[in-house]
Amino acid sequence: MLLDNKELYDRFLKLEKATQKLSEEVSQLRQNLAEELQYCADLELENHNLRNRLDDLQDKDDVQNGGVKLSESRRNIKKLYDEGFHVCPAFYGSKRDDETCMFCDDIIYGDR
């Protein structure tokens, strides 16, 4: 079945318009993706800076609270202890009764 010239030309124009529209959508998506990637990179940088600032504040707090700079693992253990749980082997994981535990203190601040 042969198409006459007008039909062929009309179909070609329709296809050309559809291709142009698709090209515009792809360009817009590319622009949106670039903006989102930049936003993500900005957030990662801000997150990194905030973590560094938090670490600096934690180090300052550690020095003020006894002059001991704790490693990251000991800071995590201290956080559990501050939340009210024993971190010593004898009572690990059990709730503390708002009193200090010399065994836990030794785990957190002791020389190892």
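In which helix is Met-102 found? Met-102 is found in helix α3. The model is predicted, so local features require pLDDT of at least 70 and side-chain atom pairs pLDDT 80 or more, while totals for chains, interfaces and linings use all residues. Residues are numbered from 1 along each chain as its sequence is written, and side-chain values use heavy atoms, with hydrogens and water left out.

The chain contains three helices and zero strands. Its pattern along the sequence is α-α-α. Helices are DSSP runs of H or I with at least four residues, strands are runs of E with at least two, and both are numbered from the N terminus. Of the 112 residues in the chain, 15% are buried. Buried denotes under 20% relative accessible area, exposed over 50%, and partly exposed the range in between (1.4 Å probe, protein chains only).

Two residues illustrate contacts across the sequence. Met-102 counts as exposed because its relative accessible area is 62%. Its C-alpha lies 9.0 Å from that of Cys-88, at a sequence separation of 14 residues. Tyr-81 belongs to helix α2. With a relative accessible area of 7%, Tyr-81 is buried. Tyr-81 and Ile-108 are 27 residues apart in sequence, and 8.9 Å separates their C-alpha atoms.

The largest pocket holds about 320 Å³ of space. A pocket is an open set of points on a 1 Å grid over the protein atoms alone, with protein on both sides within 12 Å along at least five of seven lines; a 1.4 Å probe that fits but cannot get out marks a cavity instead, and lining residues have an atom within 4 Å of a point. Grid points are joined across faces, edges and corners, and the volume is the space filled by probe spheres set on them. Helices α1 (5-64) and α2 each supply at least two lining residues. The largest share comes from α2, with six residues. Arg-51, Leu-54, Asp-55 and Gln-58 are among the lining residues. Glu-72, Arg-75, Asn-76, Lys-78, Lys-79 and Asp-82 also line the pocket. By class, the lining has seven charged, two polar and one nonpolar residue. Asp, Glu, Lys and Arg count as charged; Ala, Val, Leu, Ile, Met, Phe, Trp, Tyr, Cys and Pro as nonpolar; and the others, Gly among them, as polar.

Two of these lining residues also pair with each other. The side chains of Asp-82 and Lys-78 form a salt bridge at 2.9 Å, N to O. Such a bridge requires a side-chain nitrogen of Lys or Arg within 4 Å of a carboxyl oxygen of Asp or Glu. Asp-82 and Lys-78 are four residues apart in helix α2, so about one helical turn separates them. Lys-78 is buried, at 14% relative accessibility.

The whole structure has two salt bridges. Lys-6 and Asp-10 form one of them, at 3.2 Å, N to O. Both residues lie in helix α1, four residues apart, about one turn of the helix. Lys-6 is exposed at 57% relative accessibility, whereas Asp-10 is partly exposed at 36%.

A nonpolar surface patch comprises Leu-80, Phe-85 and Tyr-92, with about 300 Å² of accessible area together. Patch residues have over 30% relative accessible area and no salt bridge; nonpolar side chains (Val, Leu, Ile, Met, Phe, Trp, Tyr) are joined within 5 Å and like charges within 9 Å. Areas follow the Shrake-Rupley method with a 1.4 Å probe, and for residues only the protein chains shown count as cover. Tyr-92 sits in the loop between α2 (72-82) and α3 (102-109). Tyr-92 counts as exposed, at 59% relative accessibility.
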